[in-house]
Amino acid sequence: MSLIPPSDTHPPTAASRREFLRFVAASTVLTPAVRAWAQQLAASHDPAALASAADALQVMDFEAAARLVVPPAHWGYMATGVEDDLTLKANVEAFKRIGLKPRRLVDVSHPDLSVDVFGAKWETPIFVCPVGSQRAFHAQGELATARAARAKRHTMILSSVTTYSVEEVARSLGTPPWYQLYMPLEWNETEKLVKRVEDAGCPVLVWTVDLLAGRNTPTATRGARQDTRNCASCHVNGPGTPIHRPMFDGLDGRYNPPQATWAYVDRLKKLTRMKLLLKGIDSAEDARLAVENGVDGLIVSNHGGRASETLRATIDCLPEVVDAASGRIPVFVDGGFRHGTDIYKALASGARGVGIGRPYIWGLSAFGQEGVERVLDILRAELTLTMAQMGTPSVKEITPARVVHL
Ligand SMILES: Cc1cc2nc3c(=O)[nH]c(=O)nc-3n(C[C@H](O)[C@H](O)[C@H](O)COP(=O)(O)O)c2cc1C
């Protein structure tokens, strides 16, 4: 990889300058101060760039800022859905078809965003979704995310394909994270992985069940094809291959057994004392089966549109899952949440908590820990405002009566 600006023989164009600044700002070898300098310079050249995280007015400001600093292959990995990315788009678009119905003249001077989760009090319903390979976005990767989650007191779910180990992340987070399981192909490897996670003190195991049969991600592949960098230092087995995944050290590294059935829930439950959540449950039928099989909670999710094409938006799946769970286990949701009003709509549909994925990755890419913190701050502030304006100052007052499907 060369430090020479792309166009060194001709006067720099705006595009070449932007490309160079993107390279500097995205570099994992330069100091944070140099990266910050590049960000500021980029901001002076490009209205989409932000000079600092504090300049962001909305979560979506971070998408444009991140785009400037993330190299094409890594951007493709983050931005991709599957096939034509229709599920991904559906998640975001669906919120526009739900209107809010406010109540007036309610004392909203003391907002209370707290929710109860497994006997613990969360200050807000917002949690940090598992996102793999975070060093592709910032040198501090999952550690920066953990520090932000700690600073802002949010629950973090750590991906199985994290680039820092669960033990390291637990130190940065100040407590063991919830752990997302990609189940290894061999059961004896699942046993080893789950034992390691339990020994690290993780209280909750979140088994992702929406990606057990593979996927097709053209947007990611197109991004990789545009990327002319030499990636051999990180991708030691060649571009496109996984980088070091410490949670699979000593294991063969293959995961997501397509033969998995509900019987595996029972096997997992017998294996661990951790609470067991399923991530990727989108129907009433499966929600009922989950309750019958002793699952402790559900995350309505379609992997941010990264698993199957033309699925319904998660916000549209949520009511039937909540209904089927009928209060016996908590139901969480993620997918497409970009505004406080989006989160409000999920709470009105019965979600106990709402997860965010790409938004904090944009913040991480652009500004590291500070960017993640600002994303979390913006969402909390927007939710607080929405609750007050809707005449529902506490979460328990947010009922289905406050939303209308247009
Ligand atoms: C780059 C990227 C990597 C992801 N990695 C994982 C993962 O390792 N495990 C998992 O269960 N979900 C993973 N997800 C899905 C998220 O946990 C979450 O379901 C999704 O991002 C929510 O949608 P949103 O990005 O629109 O907020 C990933 C998502 C993205 C964008």
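How many of the eight residues of helix α4 (residues 72–79) are buried? In this predicted model, six of the eight are buried, and the helix is accordingly described as mostly covered. The buried residues are P72, A73, H74, W75, G76 and M78, and what covers them includes the helices α3 (60–69), α9 (218–226) and α14 (358–367).

Aromatic rings form a second topic. A search of the whole structure finds twelve aromatic pairs. One of these joins F118 and W178, whose ring centres are 6.1 Å apart and whose planes meet at 40°, so the pair is tilted, given that planes under 30 degrees apart would count as stacked and those over 60 as edge-to-face. This pair links distant parts of the chain, since F118 lies in the loop between β2 (115–117) and β3 (120–122), while W178 belongs to strand β6 (residues 178–181), 60 residues apart. As for accessibility, F118 is partly exposed, with a relative accessible area of 28%, whereas W178, at 8% relative accessibility, counts as buried because the limit for that label is under 20%. Both residues also belong to a cluster in which ring pairs link F118, W122, F127, W178 and F332.

| Charged residue | Ring | Distance from charged end to ring centre |
|---|---|---|
| R135 | Y164 | 3.8 Å |

Note on methods. Residues numbered from 1 in each chain as written. Predicted model: local features only at pLDDT ≥ 70, side-chain atom pairs only at ≥ 80, totals over all residues. Heavy atoms only, no water. Phe/Tyr/Trp six-rings, centres within 6.5 Å; stacked < 30°, edge-to-face > 60°. Helix = DSSP H or I, 4+ residues; strand = E, 2+ residues; numbered from the N terminus. Buried < 20%, exposed > 50% of the residue type's maximum accessible area, 1.4 Å probe, protein only. Lys NZ or Arg CZ within 6 Å of the ring centre and 35° of its normal. Contact = heavy atoms within 4.5 Å.
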